[in-house]
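Colleague: Could we go through this model together? I would like to start with the charged side chains.

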Amino acid sequence: MSDERPGWHRHPNGGGWVEDTASVDETAFVGPTLARVRAARVFGAAWVSGTAQVSGAAEVFGNAWVCGNAEVSGSRHVLTVGPIGSEDQTLTLFRAETGYWVSVGCWHPDGATLDDLTAEVQRRAPDHADEYEAAMALCRVRIAEWEKR
């Protein structure tokens, strides 16, 4: 992807892509893993789009995609697992104002839940259902943590 993308810009802290409609504090990190940045000074494929808001010391990295009306304000408000599935994509779970959303690769419908993902996996890649279920078990642990607060 070139550095020329109308309606988007690179985040100054990490180099990930941020849609002009999204709001990301300069104190947040959007990019590859911090270790990769320190070791190789590379820029990542992390994305923030829609009207999502990322603030504080939140970290969005790897192949994570935070979209829609998500509000991420802490590093534990986003969880990424990957590579996963038949296409070696990244599963991203993120906290939203109304609960949580999940996305995998280019599949990121607004408001998608773990139940939606289960149905999509059964439709598109049933041979990888066990792998996705293991990742979703970790997601459920994180969701339970969010619900305690």
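Modeller: Arginine 124 forms a salt bridge with glutamate 120, and their closest N and O atoms are 3.1 Å apart. A salt bridge here is a side-chain nitrogen of Lys or Arg within 4 Å of a carboxyl oxygen of Asp or Glu. This is a predicted model, so local features need pLDDT of at least 70 and side-chain atom pairs count only at pLDDT 80 or more, while totals for chains, interfaces and linings use all residues. Residues are numbered from 1 along each chain as its sequence is written, and side-chain values use heavy atoms, with hydrogens and water left out.

Colleague: Where do arginine 124 and glutamate 120 lie?

Modeller: Both belong to helix α2 (residues 114-124), four residues apart, which is about one turn of the helix. Helices (H or I, at least four residues) and strands (E, at least two) are DSSP runs, numbered from the N terminus.

Colleague: Is glutamate 120 buried or exposed?

Modeller: Glutamate 120 is buried, with a relative accessible area of 14%, whereas arginine 124 is partly exposed at 44%. Buried means under 20% relative accessible area, exposed over 50%, and partly exposed in between (1.4 Å probe, protein chains only).

Colleague: Which residues are linked with Arg124 in a network?

Modeller: Glu120, Arg123 and Arg124 are linked in a network of salt bridges.

Colleague: How many salt bridges does the rule give?

Modeller: The count comes to four. One of them joins glutamate 145 to arginine 76, with the closest N and O atoms 2.7 Å apart. Glutamate 145 sits in helix α3 (residues 129-148) and arginine 76 in the loop between β9 (71-72) and β10 (78-84), so this pair ties together parts that are 69 residues apart in sequence. Glutamate 145 is buried, at 18% relative accessibility, and arginine 76 is partly exposed, at 42%.

Colleague: What about glutamate 133: which residue does it bridge to?

Modeller: Glutamate 133 pairs with arginine 140, and the closest N and O atoms are 2.7 Å apart. Glutamate 133 counts as partly exposed at 34% relative accessibility, and arginine 140 counts as partly exposed at 36%.

Colleague: Let us change topic to sheets. In what order do β10, β11 and β12 stand?

Modeller: The three strands form an open sheet in the order β10-β11-β12, and the pairing is antiparallel. The edge strands are β10 and β12, since each pairs on one side only. Two strands are said to pair if DSSP finds at least two bridges between them.

Colleague: How many bridges join β10 to β11?

Modeller: Five bridges join these antiparallel strands. β10 and β11 form a hairpin with four residues between them, and glycine 85 in the turn has a positive phi of about 80 degrees.

Colleague: Why is β11 largely enclosed?

Modeller: Six of the eight residues of strand β11 (residues 89-96) are buried, so the rest of the structure largely encloses this strand.

Colleague: Which strands make up the sheet with mixed pairing?

Modeller: Four strands form that open sheet, in the order β1-β2-β5-β8. β1 (8-10) and β8 (65-66) stand at the edges with a single partner strand each, so one side of each has no neighbour in the sheet. Strand β5 (residues 47-48) pairs with β8 in the parallel sense over two bridges, and tryptophan 47 has tryptophan 65 in β8 as its bridge partner.

Colleague: Finally, what volume does the largest pocket have?

Modeller: Its volume is about 210 Å³. Of the 14 residues that line this largest pocket, the closest to its centre are Ser86, Glu87, Val104, Arg124 and Tyr132. A pocket is an open set of points on a 1 Å grid over the protein atoms alone, where a 1.4 Å probe fits, with protein on both sides within 12 Å along at least five of seven lines; lining residues have an atom within 4 Å of a point. The volume is the space filled by probe spheres set on the points, which are joined across faces, edges and corners.

Colleague: Which element gives the most to the lining of the largest pocket?

Modeller: α2 gives the most, with four residues.
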